[in-house]
Amino acid sequence: MTTTTTTTPTQYYRFKPWNIGRFLIWSLFAIVLIVSPLMFKSSLALTMLSQMGYLIIICLSYNILLGQGGMLSFGHAVYVGLGSFLAIHVMNMGDKGGLQIPLVAIPLVGGLAGMFFAILLGFVTTKKSGTTFAMITLGIGELVASMALMFPSFFGGEGGITTDRVYGPTFFGFNFGPQIQVYYLIAAYCFVCTALMYAFTGTPLGRMLNAVRDNPERVEFIGYNTQRVRYFAFIIAGFFAGIGGGLASINFEIVNAADSLSAIRSGGYLLFTFLGGAVFFFGPIIGAVLLVFASILLSELSKAWQLYFGLVFVFMVMFAPGGIASLVMMNLRVAKFGKFGRFWLLYVALAVALVPVVVGAAALIEMIYHIQLNSALGPTLNFFGVALDTSGTASWLGAAAILAVGLAALEVARRRFVRAWGQAQEEIEAEIKRREAA
Amino acid sequence: MSAQFALELKSLRKNFGKTEIIRGVDLAVKAGERVAIIGPNGAGKSTLFNLISGRLAPTSGEVLLSGQRIDGKKPYEINRLGLSRSFQITNIFPKLSVFENLRCGVLWSLGYRYTFLRFLSNLDDANARTEELIKQIGLQRKRDVHAVNLTYAEQRALEIGVTIAGGAGVILLDEPTAGMSKTETAHFISLIKHVTVGKTLLTVEHDMGVVFGLADKIAVVVYGEVIAFDTPAAVRANARVQEAYLGSSVADAQGAGH
Amino acid sequence: QKGETVKIAWLDPLSGLMAAVGTNQLKTFQFLAEEFNKKNAAGVKFEVIAIDNKLSPQETTSALRSAMDQGARYVVQGNGSGPALAIIDALEKHNARNPGKEVLYINYAAVDPDLTNSKCSYWHFRLDADTSMKMEALTAFMKEQPDIKKVYLINQNYSHGQQVSKFAKQNLKDKRPDIEIVGDDLHPLAQVRDFSPYIAKIKASGADTVITGNWGSDLALLIKSANDSGLNVKFYTYYAVTNGTPTAMGAASDGKVYQVGYSHYNAPGPVQPLMNEFKKRFNDDMYTTDIYTVYAMLSEAFVRTKSTEPVKVAAAMEGMKFKSFNGDVEMRKSDHQLQQGLWITRWQKADAKNPYSPENTGYTLAPVKFYEAYVASTPTTCQMKRPNNS
Amino acid sequence: MNVEFFVISLLNGVSYGLLLFMLSSGLTLIFSMMGVLNFAHASFYMLGAYIAYTLSGIVGFWPALFIAPLLVGFLGAAFERYSLRRVHKFGHVPELLVTFGLSYLILELVQLAWGRSTVPYGLPPQLQGPLFSLYGTQFPKSRSFIMLVAVLMLISVWLLLTRTRIGLVIQAALKHPDMVEALGHNVPRVFMLVFGGGAALAGLAGVVGGNTYVTEPAMAASVGSIIFVVVVVGGMGSLAGAFLASLLIGIVQTFAVAMDQSFAGGLQMLGFTVTDQTFGYELLKLTISQVAPILPYLFLVLILIFRPKGLLGTRED
Amino acid sequence: MLKLHDIHAYYGKSHVLHGVSFNVGAGEIVALLGRNGSGRSTTAKAIMGLVHAEGTLRWKDQDILRRKAYEIAHLGIGYVPENRDIFPKLTVHQNLLLGQKGTGKGSRWSFDDMYGMFPRLKERQHTEAGVLSGGEQQMLTLCRTLMGDPDLIIIDEPTEGLAPKIVELVGQYLKTLKDKGISVLLIEQKLTIAMQISDRALVMGHGSIVFDGTPDSLRADATTRKEWLEV
Ligand SMILES: Nc1ncnc2c1ncn2[C@@H]1O[C@H](COP(=O)(O)OP(=O)(O)OP(=O)(O)O)[C@@H](O)[C@H]1O
Ligand SMILES: Nc1ncnc2c1ncn2[C@@H]1O[C@H](COP(=O)(O)OP(=O)(O)OP(=O)(O)O)[C@@H](O)[C@H]1O
Ligand SMILES: CC(C)C[C@H](N)C(=O)O
Ligand SMILES: [Mg+2]
Ligand SMILES: [Mg+2]
């Protein structure tokens with residue numbers, strides 16, 4: 001039964017930037033940014049954290065296109081990379097005593113550069129959406145990357161352009177020589193840009209971008225020019241991409257065309273944004289973190305990193321097409337309905353079963369790779385402290401056995417989990433129906 | 001030019017390749033009039049709507065909106081001039097909530113164009129208007145439900161909601177009640193009547209009950225031509241219309257049934 | 001220093017465009033480490049930490065950090081001057097900012113002359129001969145070939161290729177002004193899948209000789225295409241040894257391809273048995289033999305300084321004369337560019353004198369001329385900043 | 001440009017064009033029918049070359065010519081069956097990404113099985129040496145064979161598309177899979193066959209391309225994006241378009257290599273003084289021949305801007 | 001011919017049909033009536049194997065419950081869905097071609113029959129089906145299914161969006177089908193037409209059958225009509 005609605009005043013949602021939940025989340029984000037380098041102190045950890053910082057900006061900017069605008073770009077590295085180049089040239093100008101732009105503003109230079117090129121190239125790129133868009137970005141990406149190699153005076157050829165970020169007057173006593181200072185510069189930008197991009201999702205343009213993604217035709221009939229919407233979004237994405245690029249050049253003090261403009265790099269942004277989860281705003285943040293782990297740690301831990309990477313990727317797309325973020329959100333939903341309790345054990349079981357699978361499979365893979373790559377070092381390899389002998393059968397059989405046991409256990413755990421999960425979802429659906437009806 | 005007519009079509013023609021689909025349509029609709037367009041399948045009713053709303057460009061002829069020529073303009077330009085349409089096949093934003101769907105429809109008309117310097121949630125006027133719309137189309141309960149998850153009838157209601165959201169003065173509805181049951185249809189007609197008060201309405205319908213219940217005037221389109229444009233009573237009596245479209249028995253049954 | 005373990009970080013590609021080259025070089029490093037661990041004057045143990053830098057300068061810097069975290073004080077790298085520059089740059093800063101934790105960079109194959117000129121660094125030592133030096137040797141040889149009349153240049157359009165083209169024109173003008181340069185083509189790196197249009201162009205130009213700095217499939221495909229269309233010219237190359245090119249040359253290139261380098265397949269001295277051993281073990285060819293020099297040089301410096309401390313070692317290596325597989329060599333003090341003799345070799349049938357047959361082709365690169373170090377030596381503009389305390 | 005050079009270049013252009021078509025015909029099949037941007041296409045090409053290399057060592061080249069594509073096709077079908085099919089319902093982007101992942105896997109597996117360097121996959125004696133000589137330039141048999149294979153592919157795919165309903169079934173199934181099943185068509189099987197078929201075509205291209213050119217782990221990456229250019233420039237859903245685009249790109253690129261003109265030169269002829277101080281000199285001095293191999297990308301961008309359907313395409317999405 | 005007994009059907013986790021039972025005999029036109037959302041379309045999909053269903057489902061003495069849709073189609077059931085599902089980028093002719101099974105030889109229906117039935121389709125036969133008018137699309141789907149030569153045809157709201165005159169026509173054609181021995185399961189909203197041509201009427205409510213009888217008895221049964229069909 002509906003009650004009389006005429007008397008109740010119109011209520012609507014208001015943006016309350018300081019509402020508790022949001023405040024908590026953003027503070028947490030800030031705290032994580034602030035304390036991470038205090039917890040992970042090695043120089044590698046610091047590099048990784050710095051890279052995560054600007055990659056978060058880049059992946060989020062990419063997601064403005066992919067997740068929010070439904071535009072699959074194969075050329076995002078163009079805007080990041082050109083931002084880097086412009087930034088580094090301006091830094092060098094400062095170095096040489098020319099135009100002095102303080103280092104803290106250099107990322108903005110990168111941003112403006114990214115924006116400039118997005119304005120320039122985006123005009124033709126965003127005329128169409130879908131496959132046409134994707135292919136134009138692919139073409140432009142290849143063109144820019146190949147051409148850049150041909151112009152050593154601007155792009156520095158194969159060696160790229162180097163700079164020294166320590167120039168000009170200090171900024172409140174910081175000269176940004178030590179990596180830790182750079183990290184905090186990156187972290188500050190990361191925080192602000194993330195907040196800005198989040199804010200963007202709540203603006204009219206941001207919303208219309210979603211509408212254009214969902215149904216461009218209809219958008220035309222409610223007064224908006226879809227091309228315009230895509231174009232503006234592209235420019236904004238270009239701006240943030242450029243900021244990320246600018247930060248990257250501060251971080252590395254070197255940029256190089258073959259590396260930063262290449263299709264592989266663009267592909268990386270795409271893959272990891274997707275892996276993190278393009279459907280949710282925060283997905284790309286996870287993606288950026290993974291990207292750093294994958295590109296730095298994985299390739300150091302194992303020569304087989306591409307294989308692991310490919311496997312993980314294929315399985316992720318097959319079983320969690322919404323990316324990690326969607327997994328998180330699904331569990332949060334379960335938790336919200338107070339049904340998470342029953343999954344603890346199941347998750348533990350899954351994890352326990354997963355260990356032998358990963359260990360067994362990894363041992364086999366590592367042995368195979370060892371034979372191929374490191375045979376110069378003799379037949380034994382050190383696998384997490386265990387010596388495996390690739391010449392004898394024992395190690396092979398052992399690894400295979402572990403894998404088999406693990407797989408069996410995993411299957412059992414998985415079945416249970418799937419059943420429980422289905423059950424929980426059913427209950428939640430029913431619950432929602434009940435609430436709707438109430 | 002006086003804006004005596006809200007919408008005026010002057011010898012409008014449209015060819016697809018060699019086939020001529022619209023063969024010189026003249027039609028003048030006064031402001032505030034409710035006009036139903038009927039005609040056999042494939043007569044060109046939807047095509048006519050497409051020409052008016054800018055989805056298609058006419059081969060020749062003119063379309064005037066309040067005296068201003070709009071033929072050949074882009075859909076969004078026409079929309080900004082105050083003409084809005086719905087679709088025969090539901091055409092909404094599936095992954096946005098009902099509220100967001102409607103708010104998208106509202107934004108342009110309130111002047112929030114491509115801005116990214118203000119928060120949606122702070123646009124009080126837009127939000128108020130959206131809430132009002134939700135109430136009008138009776139989807140308060142589904143406010144935050146994604147449009148994909150609505151039932152068919154609810155989607156049709158949302159379709160209308162998005163169409164009227166911008167406050168356009170001229171509304172075109174293409175088979176708004178298709179696929180609804182009798183009771184739903186009846187409910188829907190009153191909804192349409194209610195939300196289009198004071199507006200110019202053109203609607204395509206096959207359901208004679210709806211047509212006769214809703215329209216001040218009926219235009220009959222057959223083979224790309226308007227063969228009659230008159231009051232419902234006159235049209236029903238028109239022998240040519242009966243022959244070309246209604247088919248004797250059904251016309252009586254349905255026409256009277258309501 | 002006896003009994004100490006010296007960790008050497010190897011930062012080169014195991015994936016991407018140069019994966020094949022990188023993999024081969026890593027094997028060489030590991031293989032030779034084993035050899036040197038058996039017997040080196042310094043009595044140290046070398047351990048190679050291999051990290052895939054994916055040919056990317058950025059990844060290289062991260063890899064470098066990680067290598068330093070793992071305790072490596074020596075870094076080796078050779079593919080691409082991009083990563084090379086990244087390492088130089090990072091070390092300049094790191095070594096200045098972290099006294100007592102200095103790290104040295106030994107470059108075994110990145111041949112951009114800038115690395116020992118405008119961008120030279122105290123912490124960088126190069127063992128390969130750079131592009132300009134190799135061109136000196138190459139043109140010195142061409143000077144004595146009267147049948148060369150028309151030369152065609154074809155190179156990859158990026159810094160290395162552009163430099164080859166530049167030095168070729170410069171040197172030929174000095175040494176053989178009568179030679180006509182009938183073409184100077186630059187093509188995008190690793191983009192050309194069919195070289196026949198270029199071959200048609202070379203043919204139309206009437207060239208009798210082609211100079212190219214191409215490597216990898218850009219060289220293999222170029223030569224293959226030339227052979228297919230029956231183009232009868234001589235190729236003067238830099239990298240005819242890398243994986244795939246010997247197969248591509250095969251019988252058709254008999255006597256037509258020349259290469260300049262600090263070594264060759266049938267080099268005398270201690271590498272010959274090692275190359276054979278390597279081939280036996282891995283069924284692969286060891287062509288980056290200056291890796292031998294890496295170990296030889298380090299061992300020698302350790303002995304001299306009685307230490308493995310990079311700062312001392314660096315000081316000792318400056319201007320150090322030592323013995324490597326190719327005789328006496330000198331690490332020039334002014335720019336840290338190794339001065340060594342260069343060979344011109346020619347692709348021809350393997351025989352008793354030159355038995356080594358790469359990729360089991362039955363052919364080999366046989367030496368036709370050896371140039372002493374001074375011939376190929378080029379001046380440097382390097383103004384090195386040396387740490388003031390040493 | 002004299003007649004001799006012109007004729008040889010034309011021949012080179014056509015033969016390169018046919019090579020491109022051979023590489024991309026399988027992709028056209030999959031892309032235009034299933035709408036899947038198959039990033040692993042080039043990997044199947046590579047796989048074909050490697051498998052043929054091993055097989056020809058065992059059974060000889062000619063049997064391998066048939067067996068290797070079958071094996072690759074089988075692998076492709078299996079991939080469709082066990083992976084792509086699951087992903088299909090999530091939309092085009094995940095589909096594309098899963099093939100992206102697959103390309104990583106194939107690359108790694110190939111490197112594991114055959115190592116990271118070039119394998120000596122040589123031509124069979126029947127294909128060695130020149131077929132004929134033209135103005136003193138030889139035209140190798142191997143390239144003629146590629147041309148032949150490309151033409152055969154064209155014919156067979158064309159027959160498949162026009163003589164069977166497979167194309168219709170797939171196109172329809174992309175829109176309403178349930179409906180097509182309800183009309184009595186086994187949609188999953190058709191998808192699997194088409195994907196397998198496309199992979200087999202790629203494999204076949206690998207068998208003949210691998211020994212004419214080089215068989216190495218980088219061979220997939222090196223043709224990776226150019227084949228998309230062919231398919232897109234030709235027009236989605238158009239085999240004839242892909243064929244036309246291949247030839248066009250082949251010929252344009254071949255002739256472009258011969259052109260040493262640059263903007264700078266052009267400007268100078270018009271009376272402008274262009275020196276290395278002029279703004280953008282580096283760009284201006286680039287000759288057409290220097291950019292020839294990347295012209296296809298320019299072509300792609302221009303085509304998509306001015307004619308998003310592609311040369312002979314019928315669809316835009 | 002077709003026998004449903006205690007059929008339950010689910011969309012993912014939501015349970016939509018709660019035990020549906022009815023039969024369709026040979027050469028019978030059975031109207032399936034009910035309000036929006038009562039589960040009529042779902043019943044059709046359950047028969048075609050397009051939703052997950054449980055219970056007993058038999059056709060010509062074969063169990064077809066867990067069969068794939070294409071197998072069911074080959075056994076002679078044709079399905080005309082409610083949202084038309086035409087293939088927009090294919091021409092009218094190609095749409096019809098897809099309706100055929102195999103080469104189409106031995107079918108009771110030829111292209112000419114279809115074009116004879118709806119001349120409008122013949123005029124548009126080389127047009128992309130996506131641009132057809134709503135009514136033309138409706139005709140096309142009907143014909144497309146007929147091309148597959150079914151023995152039972154399930155039609156979901158065939159008259160939606162058709163001009164009154166065409167609605168009559170469709171009614172006549174359904175009768176013709178019946179005369180050729182084809183059974184029809186007609187899901188309709190428009191009571192008038194359904195009652196005119198059907199042999200039997202079923203009424204659905206909340207996922208189960210609440211009335212099964214002749215049209216006349218339904219007309220007489222005011223309570224059922226009131227409770228399950230109106231308001
Ligand atoms: N883009 C197009 N290309 C070719 N023919 C078209 C196109 N659009 C419409 N037609 C044809 O024009 C005719 C009129 O179509 P329209 O959709 O306007 O009919 P309608 O009057 O709305 O019919 P209905 O009541 O059945 O919806 C149809 O025969 C249709 O096939
Ligand atoms: N794809 C779906 N997912 C979840 N629920 C669905 C889906 N399709 C239909 N339903 C639900 O199943 C119930 C029965 O739907 P069905 O389409 O069978 O009804 P119907 O009687 O055919 O009504 P209509 O007149 O709307 O066609 C409805 O409550 C509907 O909301
Ligand atoms: C391995 C070599 C072919 C690469 C070369 N050393 C370079 O610097 O580019
Ligand atoms: Mg219509
Ligand atoms: Mg229904």
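Analyst: In this predicted model, Asp, Glu, Lys and Arg count as charged, Ala, Val, Leu, Ile, Met, Phe, Trp, Tyr, Cys and Pro as nonpolar, and the others, Gly among them, as polar. By that scheme, the shell around ligand 1 divides into 5 nonpolar, 11 polar and 5 charged residues.

User: Which residues of the shell around ligand 1 are the closest, and between which chains does the ligand lie?

Analyst: Of the 21 residues that surround ligand 1, the closest are K45(B), S46(B), T47(B), G135(E) and E136(E). The ligand lies between chains B and E.

User: Why is the pair formed by T47(B) and ligand 1 called a polar contact?

Analyst: A polar side-chain atom of T47(B) is 2.5 Å from an oxygen atom of the ligand. The cut-off is 3.5 Å for a pair of N or O atoms, so this pair qualifies.

User: How far is G134(E) from ligand 1?

Analyst: A polar backbone atom of G134(E) is 3.1 Å from an oxygen atom of the ligand. Taken alone, ligand 1 exposes 640 Å², of which the protein buries 91%. Two or more residues of the shell come from each of α1 (45-53) of chain B and α6 (134-147) of chain E.

User: What is the helix content of residues 144-161 of chain D?

Analyst: That span is 100% helix and 0% strand, with its end C-alpha atoms 26 Å apart. An unreviewed UniProt entry annotates residues 144-161 of chain D as "transmembrane region".

How values were computed:
Residues are numbered from 1 along each chain as its sequence is written. Chains are lettered from A and ligands numbered from 1 in the order in which they are written. This is a predicted model: local features need pLDDT of at least 70, side-chain atom pairs count only at pLDDT 80 or more; totals for chains, interfaces and linings use all residues. Side-chain values use heavy atoms; hydrogens and water are left out. A residue is near a molecule or strand if one of its heavy atoms lies within 4 Å of it. A polar contact is a pair of N or O atoms within 3.5 Å; within protein, one must be able to donate a hydrogen and the other to accept it, and residues adjacent in sequence count only if both atoms are side-chain atoms. Accessible areas come from the Shrake-Rupley method with a 1.4 Å probe; for residues, only the protein chains shown count as cover. Helices (H or I, at least four residues) and strands (E, at least two) are DSSP runs, numbered from the N terminus. UniProt positions are given in the numbering used here, feature names are shortened, and annotations may be inferred rather than shown by experiment.
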